[in-house]
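Here is a short briefing for a first look at this chain. Take in the sequence and the model, then read on.

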Amino acid sequence: MYTTVNEDGVLNNYATEPKVYYAEYPAIWEQRKYLIQGVFATLIVTTLVLVGFSVS
């Protein structure tokens with residue numbers, strides 16, 4: 001942990017910063033997985049909205 005002391009003797013503790021890295025473009029199988037997740041999420045939301053309209 002990185003610690004500094006100011007002129008009044010007060011300690012300031014700083015968390016260690018994580019190493020920065022660039023994100024990589026998703027592979028084709030990851031893109032397909034995201035597409036399938038999006039389709040299921042859309043179906044769930046559409047179903048919930050239709051059930052909400054039918055109940056009210």
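How many helices and strands are there in the chain? The chain has 1 helix and 2 strands, taken as DSSP runs numbered from the N terminus (helices: H or I, at least four residues; strands: E, at least two). This is a predicted model, in which local features need pLDDT of at least 70, side-chain atom pairs count only at pLDDT 80 or more, and totals for chains, interfaces and linings use all residues. Residues are numbered from 1 along each chain as its sequence is written, and side-chain values use heavy atoms, without hydrogens and water.

**Overall shape**
- Along the sequence, the elements come in the order β-β-α.
- The chain is more spread out than a compact globule, because its radius of gyration is 25 Å, well over the 10 Å that the globule rule gives for 56 residues.
- That radius is taken over C-alpha atoms, and the rule is 2.2 Å times the number of residues to the power 0.38.
- Along the principal axes, the C-alpha atoms fill a box of roughly 70 × 40 × 10 Å.
- Alanine 41 and threonine 4 are 37 residues apart along the chain, and their C-alpha atoms are separated by 48 Å.

**Confidence**
- The average pLDDT (the predictor's confidence in each residue, from 0 to 100) is 89 for the chain, and 96% of the residues score at least 70.
- Confidence is lowest in strand β1 (residues 2-5), at a mean of 72, and highest in α1, at 97.
- Where pLDDT is low, predicted coordinates should not be read in detail.

**Helix α1 and the UniProt span**
- Isoleucine 36 sits in helix α1, which covers residues 28-55.
- Alanine 41 lies in helix α1 too.
- An unreviewed UniProt entry lists residues 34-55 as "transmembrane region"; such annotations may be inferred rather than shown by experiment.
- That span is 100% helix and 0% strand, and its end C-alpha atoms lie 31 Å apart.

**Surface**
- Of the 56 residues, 0% count as buried (buried is under 20% relative accessible area, exposed over 50%, partly exposed in between, with a 1.4 Å probe and protein chains only).
- Isoleucine 36 is partly exposed, because its relative accessible area is 47%.
- Alanine 41 is at 40%, so it also counts as partly exposed.
- The chain exposes about 5,800 Å², of which carbon and sulfur atoms supply 65%.

Definitions and conventions: Areas by Shrake-Rupley, 256 points an atom, 1.4 Å probe, with all protein chains shown as cover.
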